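Here is a friendly briefing to read beside the model. Have the viewer open and follow the topics in turn.

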Amino acid sequence: MKKEQKNIILGVTASIAIYKSCDLVRKLRERGFAVTVVMTKEAQELVKPIVFQSLSANRVYTGGLFDAQDSWDIEHVSLAEKAELILIAPATANIIAKLAAGICDDLLSCLVCASTAKVLIAPAMNANMYKNKITQGNIAKLKACGYGLIPPREGLLACGVKGVGCLAEVETIVAAVKKLL
Ligand SMILES: Cc1cc2nc3c(=O)[nH]c(=O)nc-3n(C[C@H](O)[C@H](O)[C@H](O)COP(=O)(O)O)c2cc1C
């Protein structure tokens, strides 16, 4: 009998590390997970949804809460119910701040709020943004609420300086997912 696939929602936000989430989709599928990608509006400025659609072999949700839909379901609620895990990788300082504050102003933030699934967050940002006390406070708040954090690595950041803020390696993220599911 075929093993049932576990459903992961991959939230993709507008970090320069977004190119790594393309590989992440492939690696998760190779490990047998079904992946549904939800992109923020800003993320679509960096990578087109068609890339994730091809890699995930699944529809990509592009974040418009009020877009015309082809079913009567309320999208953020139905997606939230189907997910075993919501993984946000890369997670910007912005999405981390929104989740910590309970802001629900796009599909990704609404569905995290509406879901009882496990949530894993892999931040990626400039070292100063990551060290910023407000970001650190937001991360601490999310951890206290039971969200899993996959810490960023130290490395050469897109801005040309070395520091902590690089998205964790794809294999580290996959290992964290496998540990949870
Ligand atoms: C080229 C480029 C790269 C960016 N990289 C990052 C990043 O790595 N991490 C981050 O937190 N913000 C980054 N930003 C800023 C975010 O894109 C910005 O805060 C945006 O509003 C986030 O939207 P989202 O969280 O809804 O995707 C970047 C912006 C640009 C233009």
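Apart from neighbours within four places in sequence, Leu142 is in contact with Ile96, Leu99, Ala100, Ile121 and Tyr147; contact here means that the C-beta atoms of two residues, placed from the backbone, lie within 7 Å. This is a predicted model, in which local features need pLDDT of at least 70 and side-chain atom pairs count only at pLDDT 80 or more, while totals for chains, interfaces and linings use all residues. Residues are numbered from 1 along each chain as its sequence is written.

- Leu142 sits in helix α7 (residues 133-144). Helices (H or I, at least four residues) and strands (E, at least two) are DSSP runs, numbered from the N terminus.
- Leu142 counts as buried because 21 C-beta neighbours lie inside 10 Å. The cut-offs are 20 or more other C-beta atoms within 10 Å of a residue's own for buried, 12 or fewer for exposed, and anything in between for partly exposed, with C-beta atoms placed from the backbone.
- Between the C-alpha atoms of Leu142 and Leu24 there are 23 Å, and the two are 118 residues apart along the chain.
- Ala83 belongs to the loop between α3 (75-82) and β4, and it is buried, with 23 other C-beta atoms within 10 Å.
- Leaving aside neighbours within four places in sequence, Ala83 contacts Asn7, Ile8, Ile9, Ser115 and Ala117.

**The parallel sheet**

- Look for six strands in an open sheet, in the order β3-β2-β1-β4-β5-β6, with parallel pairing. Two strands pair if DSSP finds at least two bridges between them.
- The edges are held by β3 (60-61) and β6 (148-149); each has a single partner strand, so one side of each is left without a neighbour in the sheet.
- Helix α1 (residues 18-30) packs on the sheet and touches β1 (7-12), β2 and β4 (85-91), its direction making about 175° with that of β1. Such angles run from 0 to 180 degrees between N-to-C directions, and the axes are lines fitted to C-alpha atoms, for helices over the stretch in contact.
- Helix α2 (residues 49-56) lies across β1, β2 and β3, at about 170° to β2.
- Two bridges link β2 (residues 34-39) with β3 in the parallel sense, and Val37 stands opposite Val60 in β3.
- Six bridges pair β1 with β2, also in the parallel sense; Ile8 has Val35 in β2 as its bridge partner.
- Five of the six residues of β1 are buried, so β1 is largely enclosed by the rest of the structure.

**The hairpin**

- Strands β7 (residues 153-156) and β8 (residues 162-166) run antiparallel and are joined by four bridges.
- Across this pairing, Glu154 stands opposite Val164 in β8.
- β7 and β8 form a hairpin with five residues between them, and Gly160 in the turn has a positive phi of about 95°.

**Around the ligand**

- The ligand is surrounded by 15 residues, the closest being Thr13, Ala14, Ser15, Thr92 and Met125. A residue is near a molecule if its C-beta atom, placed from the backbone, lies within 6 Å of it.
- Helix α4 (residues 93-101) gives the largest share of this shell, three residues.
- By type, the shell has nine nonpolar residues, five polar and one charged. Ala, Val, Leu, Ile, Met, Phe, Trp, Tyr, Cys and Pro count as nonpolar, Asp, Glu, Lys and Arg as charged, and the others, Gly among them, as polar.

**Backbone points to check**

- Most residues other than glycine have a negative phi, and most peptide bonds are trans.
- A cis peptide bond, with omega about 0°, joins Ala89 and Pro90; Pro90 lies in strand β4.
- Ala57 is not a glycine, yet has a positive phi of about 55°. Ala57 lies in the loop between α2 and β3 and is exposed, with 10 other C-beta atoms within 10 Å.

**The whole chain**

- The chain contains eight helices and eight strands.
- Of its 181 residues, 40% count as buried.
- Six of the eight residues of helix α5 (residues 107-114) are buried, so α5 is largely enclosed by the rest of the structure.
- The C-alpha trace spans about 45 × 35 × 30 Å along its principal axes.
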